[in-house]
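Subject: Structure handover

Hello,

Here is the structure for your files. Please look through it alongside the notes that follow.

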Amino acid sequence: MGCVHGKCCIRYPSSSSSSDGDSGRHGEMKPFNNRHILTQRSLESVPVPSHKFTLQYSVLTQHGYYPDTVDRENQDSFCIKTQIQGNPDVHFFGVFDGHGQFGAECSNFVKDRLVEILSSDSTLLDDPLNAYTSAFLATNTELHDSEIDDTMSGTTAITVLVVGDALYVANVGDSRAVIAVKDGDQILAENLSQDQTPFRKDEYDRVKLCGARVLSVDQVEGLKDPNIQNWGDEESQGGDPPRLWVPNGMYPGTAFTRSVGDSTAEKIGVIAVPEISFVRLTPNHLFFVVASDGVFEFLPSQTVVDMV
């Protein structure tokens with residue numbers, strides 16, 4: 001269930017060098033004639049006039065390959081909103097990976113409401129960290145109160161807010177944002193978010209304090225010793241990762257420790273509070289990629305950057 005956004009930052013030409021008299025109009029999105037090599041879709045662009053560069057971006061979403069359920073629904077969704085609050089320097093990109101019976105409904109609800117709530121916050125530009133956190137929590141509450149049954153369904157969310165030459169990356173779950181950094185003659189991948197799973201000791205400790213049992217499927221089914229609380233690393237043990245279970249039941253079995261929705265899992269420590277990182281762009285920052293674990297579960301960050 002991979003959903004990818006590829007964005008690159010480039011200097012845009014001055015109006016005097018363009019044959020199109022409207023090309024410098026702030027906030028105007030114009031498709032490029034070329035296509036992104038991976039998505040095979042046209043590149044869109046939006047200028048960031050305060051720092052004289054243009055964001056180019058492309059998007060691809062498709063369901064993953066499941067041999068036993070080839071017609072499985074794609075529960076991913078994405079959101080691109082330019083000129084937040086009418087400001088030509090503020091733009092939003094997000095990927096939402098739904099899960100559970102009503103995962104598609106949850107991801108679509110969150111991709112619409114999160115950016116709406118964020119955009120309506122008058123403190124956004126003065127205090128983006130607080131505005132981001134408030135928007136996630138408010139969206140989570142609205143999803144609980146909606147007609148969508150999020151008892152055992154929800155969505156992860158990985159989002160990037162561009163404010164001039166600054167990136168604010170807010171993450172809930174196990175999707176990921178990665179930025180490509182030029183270092184000499186190399187282009188290196190630098191993670192902008194950390195996957196929130198029980199592989200992380202801090203997240204493991206937090207959910208254990210909330211009453212969660214943390215076990216792999218083999219452990220919870222009695223095939224492996226449940227007292228062994230060491231699952232190695234995420235890349236080598238991704239096939240049977242540690243999951244969260246209620247104290248006396250075989251549910252919900254979430255492999256992440258944060259999400260929006262999942263009201264049952266909330267009772268054992270799954271929260272909608274985002275982790276937020278900040279990056280000041282430099283000429284060495286070439287592009288960033290925002291994608292669900294449908295990509296990063298199978299491809300390391302560096303491989304993804306190399307592909308772009």
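**Helix pair H1 and H2**

In this predicted model, helix H1 (residues 103-119) and helix H2 (residues 128-145) have axes that come within 9 Å and cross at roughly 140°. H1 is therefore oblique to H2; the cut-off for roughly antiparallel is over 145 degrees. The crossing of the two helices is right-handed.

Which residues in H1 and H2 meet? From H1 there are Cys106, Phe109, Val110, Arg113, Leu114, Ile117 and Leu118. They meet Ala131, Tyr132, Ala135, Phe136, Ala138, Thr139, Glu142 and Leu143 in H2. By residue class, this contact of H1 with H2 divides into 12 nonpolar residues, one polar and two charged.

Strand E11 (residues 243-245) pairs with E12 over two bridges, in the antiparallel sense. Trp245 stands opposite Pro252 in E12.

**Asp195**

Asp195 lies in the loop between strand E9 (186-191) and helix H3 (201-209). Is Asp195 buried or exposed? The relative accessible area of Asp195 is 10%, so Asp195 is buried; the cut-off for buried is under 20%.

Leaving aside residues up to four places away in sequence, Asp195 touches Gly173, Asp174, Ser175, Arg176, Arg200 and Glu234. Asp195 and Phe296 are 101 residues apart in sequence, while their C-alpha to C-alpha separation in space is 9.9 Å.

**The protein as a whole**

The secondary structure of the protein comes to seven helices and 15 strands. Of the 308 residues in the protein, 48% are buried. Taking contacts between residues at least 6 apart in sequence, 64% join residues at least 24 apart.

- H1 and H2: the axes cross at roughly 140°, and the crossing is right-handed.
- Asp195: a buried residue in the loop between E9 and H3.

Regards

Methods: Residues numbered from 1 in each chain as written. Predicted model: local features only at pLDDT ≥ 70, side-chain atom pairs only at ≥ 80, totals over all residues. Heavy atoms only, no water. Axes fitted to C-alpha atoms, helices over the stretch in contact; angles between N-to-C directions. Helix = DSSP H or I, 4+ residues; strand = E, 2+ residues; numbered from the N terminus. Parallel < 35°, antiparallel > 145°, perpendicular 65-115°, else oblique. Left-handed = near helix turned anticlockwise from the far one by under 90°. Contact = heavy atoms within 4.5 Å. Nonpolar A, V, L, I, M, F, W, Y, C, P; charged D, E, K, R; others polar. Pairing = 2+ DSSP bridges. Buried < 20%, exposed > 50% of the residue type's maximum accessible area, 1.4 Å probe, protein only.
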